[in-house]
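Below is a set of questions and answers on one structure, meant to be read alongside the sequence and the coordinates.

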Amino acid sequence: MSALPRRAGLVVGVIAAVIGLQLVAPQADAAAPEAVVRESGRQADVLELALKVRERQQRLTALYRQADQRDRALVGRKAVLAQYGYTGDPDRVRAVLPLASYRLSAGFGLTGPLWEAEHGGQDFSTSLGDQLVAVAAGDVTEVAYAGPYGLRTILTLPDGTEVWYCHQTDVSVYAGQHVEVAEPIGSVGSTGNSTGPHLHLEVRPDGGLPIDPADWLRAAGLSP
Ligand SMILES: [Zn+2]
């Protein structure tokens, strides 16, 4: 009598165990998607990290590229300024020569048949169409034909000094325009009272009587 319930108990136990397994098995199966979720969660983290790293690399690359462009611009600016006689720190440039290449011809204060009075400027002989640049930052205060001076641009510096560019063939600035040092302003010509392409440069402190432009350029640290 006592064996039956024991066997029955065993059967129940086995059944329970099988059911249990069946119950456990789906539970184990149910755990698998969670693991997948956790796993995909980790993958998402990894992906997110990878994206962040890539974003950071792209940002750095962009920064390096910008720095490289700045360097190149600086090297380019340095080279341009060197063409106009300035070899120092580009950030500190105050004055440059008006032309990249020239031969000094008639100097300041000469007298002769070409001039009604003393020669009021310095002549720079060069080729027709050569680029003229602003010797310093300032405002263009006049662009006009001016009799013997031909096509003339007047650049007025912050201290009131007028710089006259005469005999131009072409002008690339307009009155009222602010120009930076070494900025192109026009090109060499032979307009007005001139016997060949050259720049007649005048420097007039406070817009008054002219002084020797070569001296003025030397005082600005240049070697005309
Ligand atoms: Zn002259």
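Q: Which residue in β9 is the bridge partner of Val171?
A: This is a predicted model, in which local features need pLDDT of at least 70, side-chain atom pairs count only at pLDDT 80 or more, and totals for chains, interfaces and linings use all residues. Residues are numbered from 1 along each chain as its sequence is written. Strands (E, at least two residues) and helices (H or I, at least four) are DSSP runs numbered from the N terminus, and two strands pair if DSSP finds at least two bridges between them. β7 and β9 (residues 184-187) pair in the antiparallel sense over two bridges, and in β9 the partner of Val171 is Gly186.

Q: In what order do the three strands of the open sheet lie?
A: The edge strands are β3 (131-133) and β7 (170-171), each of which pairs on one side only. The pairing in this open sheet is antiparallel, and the order of its three strands is β3-β9-β7.

Q: Is Asp170 buried, exposed or partly exposed?
A: Asp170 is found in strand β7. A residue is buried if 20 or more other C-beta atoms, placed from the backbone, lie within 10 Å of its own, exposed if 12 or fewer do, and partly exposed in between. Asp170 has 15 other C-beta atoms within 10 Å, and its class is therefore partly exposed.

Q: Which residues are in contact with Asp170, leaving aside its neighbours within four places in sequence?
A: Two residues are in contact if their C-beta atoms, placed from the backbone, lie within 7 Å. The C-alpha atoms of Asp170 and Asp130, 40 residues apart along the chain, are separated by 9.9 Å. With the neighbours within four places set aside, the contacts of Asp170 are Gly186, Ser187 and Gly189.

Q: Which residue in β10 does Phe124 stand opposite?
A: Strand β2 (residues 122-125) and β10 run antiparallel and are joined by four bridges. Within β10, the residue that stands opposite Phe124 is Leu199.

Q: What is the bridge partner of Trp164 in β10?
A: Strand β6 (residues 162-168) runs antiparallel to β10, with five bridges joining them. Val163 stands opposite Val203 in β10, while the bridge partner of Trp164 in that strand is Glu202.

Q: How many residues lie between β5 and β6 in their hairpin?
A: Strand β5 (residues 151-156) is joined to β6 by five bridges and runs antiparallel to it, with Thr153 having Tyr165 as its bridge partner in β6. β6 is mostly covered, as six of its seven residues are buried. In the turn of the hairpin, Gly160 has a positive phi of about 95°, and the number of residues between the two strands is five.

Q: What percentage of the contacts with a separation of 6 or more comes from residues 24 or more positions apart?
A: The protein has two helices and 10 strands, and its elements run α-β-β-β-β-β-β-β-β-β-β-α from the N terminus on. Buried residues make up 25% of its 224 residues. Among contacts with a separation of 6 or more, the share from residues 24 or more positions apart is 58%.
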